[in-house]
Amino acid sequence: MPLIASTIAGAAIITPVIVVLWRSFTTGRLGFTVGLNLTNYMRVFGDKDILPMLSNSVIYAAGSALLGTGVGALLAWIVARTNTPGKGLVELMPLYPILMPPIMKNIAWILLLAPKSGILNGMLNQYLGIDTPVFNAFSMAGMIWVFGLACVPLGYLFLLPVFLSFDPSLEESAYIAGSRPVHTMMKITFPLAGPAFLSAFVLNLLRGLRSFETPVLQGTPGNIKVFVSRVYDSMALEFNTGLATAYSVILIVLSVITLYFYVRATRFSERYATITGKGYRVKVIDIGPWRYLTFLAVFVYFLAGILIPFIVLIVVSMIPYFDYETFMSFPSNAVLTNYFTVLKHPSFVTGLYNSLVLSVSIAVITVLAGIVMAFTIYRTRAAGTKLFEFIGTVPLAFPPLVLSVGLVIIFLGTPLYNSLLALGIGLFVAYFPYAFRNASGSIVNIHKELDEAAWVHGARWRHVFFKITLPILKPSVGGALFYIFIEAIRNVDVAVLLTSPGKEYGPVTLFEYFRLGQWAEAAAGGVIYLIILVVAVSTAKFVFKLRFSL
Amino acid sequence: MMSKSMKVTAIGLAIGLCFASVAGAAQKAGPGQGTKGITGAGATAQAAKAFERASAELYPKAKQEGNLVVYSVWDVEHLRIISDTFMKRYPGIKATYWQARNPEIVTRVLTELQGGQSSFDVVLSDNAPSVIRAAGGIMSYETAQKDVLLLHDPGIPTVSLQIQALAFNTRKMKPAEAPKNWEDVANPKYKGMIALDDPMRAGPLSSMLSALKTQWNDDGRFNKFLQGLKALKVPVHKSTSAMFRLLVSGEYNIAMPALLHDVMEEMHKGAPVSYVKTNPPVLFPRHAGIYVKSPHPNAAKLFAEWLISEQGQKALDSVGRESSRIDFKSKTSIESAFGKGAKTLPVTDKLFLEDPKKWLDTFVKPVWEG
């Protein structure tokens, strides 16, 4: 049964991929069929600029993934395993930055770090007399900083359940053997979180390789060209999905290489099992005076991840235009015009409602399907299930527009075309890798002895899945649901080709201002959007006592 | 004192020169493309009559069709206002729209075309209609109001224009220090002050280059200009609007090019920006292309005609979109922004409009990336 369910999910994912791959061999410019040939691939492999671009892409993506996943892991460890003061606040602070869409972070940090007009360089000049720009948003470091911040939530949400389900006897054994806390942490705690860390790292790396907003907004002005711009140029300049797919194949190759290392690193999965048949309680470590430093670390992330960019956006949304002098004159020059503009937007409410309903449904379905597929790979004996490892991740190698072309071709001429269901399937395909990688990272941490005990007693797969695996995975399920819901509710790229005329999908409306480069209106829309989500998350946490994987 | 006859001769000469310069550009344009120079009250009245005739003929048929589906790159709030005004005038037609960026529009339209879908009626955009036409996706339709259009294409109605201006930050430089024209931007003295739109994308700078190439008709001059720009080693942007915000913020002194409606809007807010008024603005057509498999072709034609009509142009102007008519007065019209009789640089190169990649690979890439 899990195999059948995984096969259905796998088929839904792989079909648009096969369609676009087929077109890469058969089509030239969109609208023209050229027969079976290798023209697109010959162009890709004859492109002399590919290697330097690819090198930039790898530096940018690996740097961001390392920064984001590393900080995320550290935050998860602080929240789950230490006696850092202000528990309630410490649990919430890493969650809020997830709510801020990456493009909002991009714009806020450009305004903060631009060499000549950036707020931070302006302040250094005004208050310390430093007139040489210290920060540069349009540099590789600037790009890694901003996209790295956007990678933290995945690292945090993937690692948190692992640290929360940690069998303390492993660490206690180390202590008994005379190991010091830091040594234990480095030698026992973090290595055991390896699979989940690698899962988050792989996802963040692939996100970085195909990410477009940061390279466009920050890389291009600094003359930093990344590989994915070739994919977008193929679509935006040549309208050639075949060529775009041929370029995407390089991303697929990189994904396969990364996955190979991941599968190799986790092939003895029982080594990483932190959840075994023995009963235990998660132990919080007393880190002494270091707890103040860990609190500071969480707070600094909260500042960089949301508070500072949020304040910048609030000010920008209320001043007539942005330059350093006008920014510093706030609030004497505050106006609310941009808020009126956004609230008057014709599809603000209807669009938000549509996307809310769809995002909740998609988050639930995708997370469940992801767990089933991970269960099939790691907990069944069916042959060839490792193939799902690849299928479940491959959509991430395709830029969303390319992938959604495949979906449009599949749905065209069927009653599904222009329906909400087609949009739902599109979002499912796009977010499945997140659900799947999250589940596989977590399932590796559950020792097989738990399942085996059930099998020995004659349990069927559904008993094992629903009574053992799913309850143990509850923390990571919560995190994945939260993450996919937040991502899906702001999705534009996949949704855009699948929405039908006359039916608004919320994010298209909200992020229209960002797409059009109207930063003041975009900031106002972003502030409203963030306030709604922050209030929702805080209410859920404090009023309804909901725990986001905590 | 100038005699009356001399005055008449001088005015005539000035008008003649003006006409010659615009007509010159039109002659060099690709087949089917052209610009109009002069119009008067007669042309306005004729266009109004032509519109009423078209409206009277098309509306009963369009009413029977009942619907109109528009694919557009324009802002959702603009589309809502425009379609509401249209439906108020023609209550028998229900207009709906789908909004996306140009690559997404072209991708969707051509995929639907290949799939034989009769899914929409009009594509309202700048770059997209010409590209779709080249792939066989546009039904040829000539507007009845062609005589009042600044840029006329006999196969696709031009309903609005994208007007590009040379903008500068007034805190960073005085008007006298700003470049005198597009060509002057390549002057080495502006090194470190300028930001460019990416010339290798189908964006405003590449369309400006195509207009300059058409006007100059001199490959040596064109290549020298490109080499001059390249030698400046300036920051390049893929988003014209983002580049413009950075011009306002003081990151750059000069942005090449900026969109006139952005400049006007920021000037209205008191932002420290202005534009070179003596520099000929670049005009890029915004079309209403009728889909070859349109399920409601009469509604589509009526919509295109209405957009060009005075009421339609007022609706466009109310959301900040530039008029395509010579006789329409607004703060972003050529006459208001650049003065009476101002020269313009129309983008009319057929190859550029239909296959920008090929045009860029042929004329820009060898110099820019060579």
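Let's start at the interface: 44 residues of chain A are in contact with 50 residues of chain B. Contact here means C-beta atoms, placed from the backbone, within 7 Å. This is a predicted model; local features need pLDDT of at least 70, side-chain atom pairs count only at pLDDT 80 or more, and totals for chains, interfaces and linings use all residues. Residues are numbered from 1 along each chain as its sequence is written, and chains are lettered from A and ligands numbered from 1 in the order in which they are written.

Stay on the chain A side. Elements giving two or more residues to the side that touches chain B include α11 (213–219), α12 (228–236) and α24 (495–498) of chain A. Also among them are α25 (506–510) and α26 (512–516) of chain A. The largest share, four residues, comes from α19(A). Helices are DSSP runs of H or I, at least four residues; strands are runs of E, at least two; both are numbered from the N terminus. By class, this side of chain A has 27 nonpolar, twelve polar and five charged residues. On the classes: Ala, Val, Leu, Ile, Met, Phe, Trp, Tyr, Cys and Pro are nonpolar, Asp, Glu, Lys and Arg are charged, and the others, Gly among them, are polar.

Now confidence. pLDDT is the predictor's confidence in each residue, from 0 to 100. Chain A averages 81, and 89% of the residues score at least 70. Which element of chain A has the lowest mean pLDDT? That is α25(A), at 58, while helix α6 (residues 119–128) has the highest, 95. Where pLDDT is low, the predicted coordinates should not be read in detail.

Next, the chains one by one. Chain A has 27 helices and zero strands. Of its 550 residues, 54% count as buried. Buried means 20 or more other C-beta atoms within 10 Å of the residue's own; exposed means 12 or fewer, partly exposed in between, with C-beta atoms placed from the backbone. Take contacts in chain A between residues at least 6 apart in sequence: 81% join residues at least 24 apart.

Chain B has 14 helices and 14 strands. Buried residues make up 57% of its 370 residues. For chain B, 78% of contacts between residues at least 6 apart in sequence join residues at least 24 apart.

Chain B is divided into domain 1 (11–160 + 285–341) and domain 2 (162–283 + 357–368). Those bounds come from an automatic or database domain assignment. The C-alpha centres of the two domains lie 27 Å apart. Between them, 16 residues of domain 1 are in contact with 13 residues of domain 2. On the domain 1 side, α12(B) gives the most, with three residues. That side has seven nonpolar, four polar and five charged residues.

Last, the core. A nonpolar core is a set of buried Ala, Val, Leu, Ile, Met, Phe, Trp, Tyr and Cys residues joined through C-beta atoms within 7 Å. The largest one has 284 residues. Those with the most contacts inside it are Leu159(A), Ile484(A), Ala167(B), Leu247(B) and Phe303(B). Helix α7 (residues 140–164) of chain A gives the most to this core, 17 residues. Each domain of chain B supplies at least three residues. What does Leu159(A) contact, leaving aside its neighbours within four places in sequence? The partners include Gly72(A), Ala73(A), Ala76(A) and Phe197(A).

How values were computed. Contact = placed C-beta atoms within 7 Å.
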